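Come along as I look things up one by one.

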Amino acid sequence: MKFRPLHDRILVERVAQETVTAGGIILPDSSQEKPTQAKVLRVGKGYIQEDGSVRALDVQEGDTVMFTEWAGTDVKIDGGEYTILKESDVIGVLED
């Protein structure tokens, strides 16, 4: 894939959610919400501050992040489905 996000944007791939409940009920696609967890694939160079300096992003490639349900822009690149987020849309990074 040849895509490089600009500035404070990041390219993520949403993590699939469980399709079966703890009780064994299979959930149809129509009843599932879009996942709000994703793996960071690419990051931009950083946030451009008012004085022109660049602040590096807190997220890094390979991180798993959480974000709000309606954040970002969904795109298709090379047949895959991805989401482009601003760093400010990220709520936090999931750690092991």
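**Surface.** Accessible areas come from the Shrake-Rupley method with a 1.4 Å probe, and for residues only the protein chains shown count as cover. I note that this is a predicted model, where local features need pLDDT of at least 70 and side-chain atom pairs count only at pLDDT 80 or more, while totals for chains, interfaces and linings use all residues. Residues are numbered from 1 along each chain as its sequence is written, and side-chain values use heavy atoms, with hydrogens and water left out.

Of the 96 residues, 27% count as buried (buried is under 20% relative accessible area, exposed over 50%, partly exposed in between, with a 1.4 Å probe and protein chains only). I then checked contacts (heavy atoms within 4.5 Å): among those with a separation of 6 or more, 62% are between residues 24 or more positions apart.

**Strands.** I found 0 helices and 8 strands (DSSP runs numbered from the N terminus, helices being H or I with at least four residues and strands E with at least two). Which strands pair with β1? Strand β1 (residues 9-14) runs antiparallel to β7 (residues 80-86) over 4 bridges, and 5 bridges join β1 to β2 (residues 37-43), also antiparallel. Pairing here takes at least two DSSP bridges between two strands. I picked out two facing pairs: Ile 10 stands opposite Leu 85 in β7, and Glu 13 stands opposite Lys 39 in β2.

**Salt bridges.** Side chains of opposite charge can pair when their charged atoms come close. I found 2 salt bridges (a side-chain nitrogen of Lys or Arg within 4 Å of a carboxyl oxygen of Asp or Glu). Asp 74 pairs with Arg 14, their closest N and O atoms being 3.5 Å apart. This pair links distant parts of the chain, from β6 (residues 73-77) to β1, 60 residues apart. Glu 87 meets Arg 55 at 3.1 Å, N to O. Glu 87 lies in the loop between β7 and β8, and Arg 55 in β4 (residues 54-55), 32 residues apart. Is Glu 87 buried or exposed? Glu 87 counts as buried, at 11% relative accessibility, whereas Arg 55 is partly exposed at 32%.

**Nonpolar patch.** Last, I noted that Met 66, Ile 91 and Leu 94 make a nonpolar surface patch of about 260 Å². Ile 91 sits in strand β8 (residues 90-94) and is exposed, with a relative accessible area of 60%. Patches use residues with over 30% relative accessible area and no salt bridge, joining like charges within 9 Å and nonpolar side chains (Val, Leu, Ile, Met, Phe, Trp, Tyr) within 5 Å.
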